[in-house]
Amino acid sequence: MAVETVQIMPTTADSLAQKKNRIQVSNTKKPLFFYVNLAKRYIQQHKEVELSALGMAITTVVTIAEILKNNGVATEKKVLTSSIGMKDENRGRMIQKAKIEIVLGKSEKFNTPPTSPATPKKEDASKDGN
């Protein structure tokens, strides 16, 4: 099914600056960790990243955001949901698509390497009576 977007983006200076750190996620074009690594790079360069998706790709955006948050790379700043009107080329009519935008900011722990789980301490041999 071919779908054409009819949403018009304003061309103000704010929207142009915002586009530099926006990632529009598709669940069919690139692997999940392509987007995770790209988002890390954007956070490092711009101190925040905006992830957006339509329809079925929304779950992918949520997964990317959760991976970044759980790894201590990012903190959640804003989540926006909406629906946009799109023209269905096959049927020639307008349809509504769900949309999500998640803004993540750079975490304080961004530059610290992830710690490995603590290794259990070995029992002291003198406690065994040997």
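**Aromatic pair and helix packing in the predicted model**

Tyrosine 35 is buried, with a relative accessible area of 5% (buried means under 20%, exposed over 50% and partly exposed in between, with a 1.4 Å probe and protein chains only). The model is predicted, so local features need pLDDT of at least 70 and side-chain atom pairs count only at pLDDT 80 or more, while totals for chains, interfaces and linings use all residues. Residues are numbered from 1 along each chain as its sequence is written, and side-chain values use heavy atoms, with hydrogens and water left out.

The structure holds 1 aromatic pair, in which phenylalanine 34 and tyrosine 35 are arranged edge-to-face, at 5.4 Å centre to centre and with 75° between the planes (ring centres, for Trp that of the six-membered ring, lie within 6.5 Å; planes under 30 degrees apart are stacked, over 60 edge-to-face and the rest tilted). Phenylalanine 34 is partly exposed, at a relative accessible area of 35%, and lysine 30 lies over its face, at 5.0 Å from the ring centre (NZ of Lys or CZ of Arg within 6 Å of the centre and within 35 degrees of the ring normal).

Tyr35 is also among the residues of H2 that meet H3, where the H3 residues include Ile64 and Ile67 (contact means heavy atoms within 4.5 Å). Lysine 47, in the loop between H2 and strand S3 (48-54) (helices, H or I, of at least four residues and strands, E, of at least two are DSSP runs numbered from the N terminus), has a positive phi of about 70° although it is not a glycine, and counts as exposed at 56% relative accessibility.
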